Amino acid sequence: MPPVNRRTAHWTEADLPELQQARYLWENDEPAKALEFFERAAKRHPRNLMALLDAARALGNAHRLPEASALLTRASRVLEKSPQGLERLGQSYRMAYMPDLAAECFAKAVQHPECLESVIELTIYHERRHQLDRAESVLAPALVRHPDVAPLKLLHARLQYRRGEWETAKSLYAAVSEDGQAHPYHRAQAYYELANLADKEEDYRGAYQYALYAKDQLRPIAKGLDGQNALWRERHKTLVRALSPELISSWQSEVQATDKTPVFLTGCPRSGTTLLERVLGAHPQIQSFDELDIFPRFLCGAYFKDAAPDCTGEEALESCPERRLSELRASYWRLFGNHERLGRETQVLLDKNPSASGSVPVFLKLFPHAKVLFATRDPRDISVSCFLRFLPMNAVSVSFLDAARTVDYVNAELSMGADLRDRMPAEQAVEVRYESVIDDLEGTSKNALNGMQLDWSHEVAAYRELNSEREVNSPTYLEVTQPIHRKSAERWKNYAFVFESHWDEMSDLLGRLDYA
């Protein structure tokens, strides 16, 4: 291929075979191969905006922020010349984990009356950081011009709810839920919000009905996701069965402990992982990261590059050559460092990954001296919470579209976590119960910190003030800003009319976890 003259070449946006192949691989969960094609397209076509933006978004999503930033800086020479271009640039920064740069672009683009996506993005940016006045100042002018746009109404409802105007919020959510022209995703969000409002008003049958309406909207969107979770669950089971304290001890003899300790925080969705990450992350010697998916998505898959498809769990765990193990360990620290440099006083990197119990054996192979925190909660409360909560549709949340499958998923995920704890040295597996956190925050936090060989700090008790404007990636970002309470404990009793026939499936697990 002849060299490109960068001075004379014109900017284009033509789609390219490399980009099409990259997108296919990305969507089929082969990010490493996809990134090769994205990078190739950007290198060969340095003045193709589509190549630059697609590659930057993928590289940023893979936490290679310096490379993503370089591509976006190049694209900005063209995109900053128009409001629509700024909007695209902002969306790219946001997808590449650079939210502050994204917000700067959106703040410029919102001055143009047709840049509604920028209004939505900037309102979300401020609202998730609990800057409600700023969020309202961005949203209000757009609402005047576009009073019937569903995403704007949803945001308006959310802000009204946070102001304590529940009836106004309910009216807005009802309007979106009944809007036949709205996207099913937005209608589902509205129905779920109505379900949670009904739950707060102790109208449990009404809450259940709203949740069913929401799931009716999501089922067509969820097609194709069903098989993914079952496939990964079976793969993870084989890895867990291969684990043993003796195996971990043999790994420890091969790898020296590091000055900074990685701690893997996992658990079922809605088990209290977000609250625990906020609380422990306030400790001055802990640097916590919220659902970046660095290890489960981008490193765990690379570990099995040479594993045969039909190999046993033992064979899979031993399939990674030592050179790649060293590369993966270095990548782990580097990718987190791309987000935030680890401070000198940092002793623990707390890596929160819900629904990732099955990848713990690989994590321990990479870091055999690491600790694992398991967030545990009454499985029945988890089931109810997962059923009533709007979660982005993926291979996990697809299991929450009916009661039986919700219970099946929770049972399987928590059983896997219990199996892991049984197969790990006791000093490396730290269980933290949600009910203990809400009943005795200080005592439970001290026990968890002791498991990480850290002393108590009073800053942990002040976690809400210290995290007041920190972004939370989890869908439960709003709940963790509230004072701790017991309203979510034993919530399952209110929904016995739906779930009681399914609890028998959990009887062994409930006894095993002492929730019987």
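User: Is F390 buried or exposed?

Analyst: This is a predicted model, so every value here is computed from predicted coordinates. A residue is called buried when its relative accessible area is under 20%. F390 has a relative accessible area of 15%, so F390 is buried.

User: How much of the protein chain is buried?

Analyst: Of its 516 residues, 53% are buried.

User: What does the radius of gyration say about the protein chain?

Analyst: The value is set against what a compact globule of that length would have. For 516 residues that would be near 24 Å, and the protein chain has 24 Å, which agrees. The C-alpha trace spans about 65 × 60 × 45 Å along its principal axes.

User: How many helices and strands does the protein chain have?

Analyst: There are 27 helices and 5 strands. Contacts show how parts of the sequence meet: of those between residues at least 6 apart in sequence, 73% join residues at least 24 apart.

User: How is a pair of aromatic rings described?

Analyst: Two values are used, the distance of the centres and the angle of the planes. A search of the whole structure finds 25 aromatic pairs. One of them joins Y185 and F390, with 5.3 Å centre to centre and 80 degrees between the planes, an edge-to-face pair.

User: Where do Y185 and F390 lie in the chain?

Analyst: Y185 is in helix α11, residues 184-200, while F390 is in the loop between α20 (379-388) and α21 (403-422). The two are 205 residues apart, so the pair links distant parts of the chain. Y185 counts as partly exposed because its relative accessibility is 25%, whereas F390 is buried at 15%.

User: Which kind of pair do Y192 and F390 form?

Analyst: Y192 and F390 form a tilted pair, 5.9 Å centre to centre with 55 degrees between the planes. Y192 lies in helix α11 and F390 in the loop between α20 and α21, so this pair ties together parts 198 residues apart in sequence. With a relative accessible area of 3%, Y192 is buried.

User: Which residues do ring pairs link into a cluster?

Analyst: The cluster consists of Y204, Y208, F387, W492, Y495, F497, F499 and W503.

User: How many positive and negative side chains are there?

Analyst: The protein chain has 64 positive and 75 negative side chains. The centres of these two sets lie 5 Å apart.

Definitions and conventions
Residues are numbered from 1 along each chain as its sequence is written. This is a predicted model: local features need pLDDT of at least 70, side-chain atom pairs count only at pLDDT 80 or more; totals for chains, interfaces and linings use all residues. Side-chain values use heavy atoms; hydrogens and water are left out. Helices (H or I, at least four residues) and strands (E, at least two) are DSSP runs, numbered from the N terminus. The radius of gyration is taken over C-alpha atoms; the globule rule is 2.2 Å times the number of residues to the power 0.38. Buried means under 20% relative accessible area, exposed over 50%, partly exposed in between (1.4 Å probe, protein chains only). Contact means heavy atoms within 4.5 Å. Lys and Arg count as positive and Asp and Glu as negative; His and the chain ends are not counted. The place of a charge is taken as NZ of Lys, CZ of Arg, CG of Asp or CD of Glu. Rings of Phe, Tyr and Trp (its six-membered ring) pair if their centres lie within 6.5 Å; planes under 30 degrees apart count as stacked, over 60 as edge-to-face and the rest as tilted.
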